[in-house]
Amino acid sequence: MKAYKDMSREELLAEKAKLEEEYEAVKAQKLQLDMSRGKPSKVQLDLSSNLMDVLDANSLLMDETGTDCRNYGVLTGIPEAKRLMGAMSEVNPEDMIIYGNSSLNVMFDTVARSYSHGVCGCTPWCKLDKVKFLCPVPGYDRHFRITEFFNIEMINIPMSETGPDMDMVEEYVNNDPAVKGIWCVPKYANPTGYTYSAETVDRFAHLKPAAEDFRIYWDNAYSIHHLYDDPDQQDFLVEILAACREAGNPDIVFKFISTSKVTFPGSGIAALAASQKNLKDAQAYMTVQTIGHDKLNQLRHVRFFGNMANMHEHMRRHAAIIRPKFELVENALEEQLGELEIGRWTCPRGGYFISFDSLDGCAKAIVAKAAEAGVKMTDAGATYPYGKDPHDSNIRIAPTFPSSKQLKKATAAFILSVKLVSVDKYLAEMA
Ligand code: PMP
């Protein structure tokens, strides 16, 4: 089929009439579908059901040092949980603290601590006139909501397949002392699915921040979330803590991880990996905040997996469920939009999202059209700080939660919405 941009007004009008007919037929189905949030489906949750069985009243509820996990104590996590989470995030167990059920919560706390008490003895951010964060875009909406909550000025940094624009990152970080952080999802990023290249990680490790309290917020939420078994079809990310240590910058990074998309989101375990100096700072705050996190959940996870090889095997089972869903969406996009030149999308090799870019100025209208047809998408703009996509073009597609049957319908309705809004854009430009 001809690209829309090459069609005459008559051709576009004929296309519009045909699409509207199809759209009315979809609307008549009264769909109620959701492609908005990156949640595992029920079948994926079922993979971890035995987590509920590994501990019962007859289990030995002690950690390996003999601490009774039912009681208070062991603030930074039981040793075997540190080993498991250390293996998951490729760091030494002693370089991490195990937290509660959510890494987003740890990120919020880290910003809150910096805001109220300062980073490792530096001036608390609340006492500064201006604090800025760099935000690779498109990015994760909940990151941006944390920094917005603390009135931190957010600066868009364009993302490419190799990571954020590092010339811009270096320019800001190395020259502006108000820049205190950067949000990064370095592997199978939310929403692009891109993984930072070795050169990008190296440039991060060699930053020379103007601010002593600048930190990289390295949210490795999708570290082991490959879609393909073949190592040649998996992305590889250089481990940042070691890279920073080797670059003589050991304190520059906070690395966050969790088992949310491994076992149960909301009931997993989260961890922070960082230098000893940073961990000590975090621990001083945590000591006031809690007497300890849920050690039984740590124990449950350790007993369920046993070792890292089993966790990788578990992730292969997730991949077997979600890979066909990613492929279903990508194939439909390619088939239906491939020649029309009205959108571009990513084909990630892991993670939870596909990022779609429409023609400029169309994303909000597409999301509204899809909603009218009964398909909920992530709000257009959500992938940008303040919800403001300067091109109004990015839409995040989350294919994991619906069943394949629902996903097929939802994708078809989304594609129809993209076509309709794009035809209207070209017709309006001709008027
Ligand atoms: N970081 C990223 C990049 C995510 O996509 C998500 C979940 N959508 C989270 C963090 C949330 O993690 P948690 O459940 O550990 O708070």
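A residue counts as buried here when its relative accessible area is under 20%. Every view below comes from a predicted model.

**View 1. Helix α3, a mostly covered helix.** Eight of the eleven residues in α3 are buried. They are Glu-80, Ala-81, Lys-82, Leu-84, Met-85, Gly-86, Met-88 and Ser-89. What sits over them? The cover includes strands β2, β8 and β9 (270-273), along with helices α10 (295-305) and α11 (308-337). For background, most residues other than glycine have a negative phi.

**View 2. The eight-stranded sheet.** Here's the open sheet, with its strands running in the order β2-β9-β8-β7-β6-β3-β4-β5 and a mixed pairing pattern.

**View 3. Zooming in on β7 and β8.** In which sense do these two strands pair? Strand β7 (residues 215-219) and strand β8 (residues 253-258) are parallel, and four bridges link them. Look for Tyr-217, which stands opposite Phe-254 in β8. As a reminder, strands of a sheet pair through backbone hydrogen bonds, either parallel or antiparallel.

View 4. The residues around the ligand are Ser-102, Ser-103, Leu-104, Tyr-140, Val-185, Asn-190, Asp-219, Ala-221, Tyr-222, Ser-258, Ser-260 and Lys-261. For the side chain of Asn-190, the distance between an N or O atom and a ligand oxygen is 3.0 Å.

**View 5. Two cis peptide bonds.** One of the residues around the ligand, Asn-190, is joined to Pro-191 by a cis peptide bond, with omega about 10°. Pro-191 itself is in the loop between β6 and α7 (198-205). Another cis bond runs from Val-137 to Pro-138, where omega is near -5°. You'll find Pro-138 in the loop between β3 and α5 (141-149). In general, most peptide bonds are trans.

**View 6. Cysteines without a partner.** How many disulfides turn up in a search of the whole structure? The count is zero. Take Cys-135: the nearest cysteine sulfur belongs to Cys-184 and is 9.8 Å away. Cys-135 is also buried, because its relative accessibility is 0%. Now take Cys-244, whose closest cysteine sulfur is again in Cys-184, at 10 Å; that is too far for a bond, because a disulfide needs the two sulfur atoms within 2.5 Å. Cys-244 is buried as well, with a relative accessible area of 0%.

**View 7. Strand β13, covered on both faces.** Four residues tell the story in β13 (residues 394-397): Asn-394 and Arg-396 are on one side, Ile-395 and Ile-397 are on the other, and all are buried. In a regular strand the side chains alternate between the two faces of the sheet. Strand β11 (residues 354-358) pairs with β13 in the antiparallel sense, over four bridges. Within that pairing, Arg-396 is the bridge partner of Ser-355.

**View 8. Two loop residues with positive phi.** Lys-30 has a phi near 50°, a positive value in a residue other than glycine. Lys-30 is in the loop between α1 (9-28) and β1 (33-35). Is Lys-30 buried or exposed? Lys-30 is exposed, because its relative accessible area is 71%. Val-74 is another non-glycine residue with a positive phi, near 60°, and it lies in the loop between α2 (42-46) and α3. At 29% relative accessibility, Val-74 counts as partly exposed.

**View 9. Gln-406 and Val-375.** Gln-406 is part of helix α13 (residues 404-430). This glutamine is partly exposed, with a relative accessible area of 36%. Gln-406 and Val-375 are 31 residues apart along the chain, and their C-alpha atoms are separated by 9.9 Å.

Notes: Residues numbered from 1 in each chain as written. Predicted model: local features only at pLDDT ≥ 70, side-chain atom pairs only at ≥ 80, totals over all residues. Heavy atoms only, no water. Pairing = 2+ DSSP bridges. Buried < 20%, exposed > 50% of the residue type's maximum accessible area, 1.4 Å probe, protein only. Near = heavy atom within 4 Å. Polar contact = N/O pair within 3.5 Å; in protein donor to acceptor, adjacent residues only side chain to side chain. Contact = heavy atoms within 4.5 Å.
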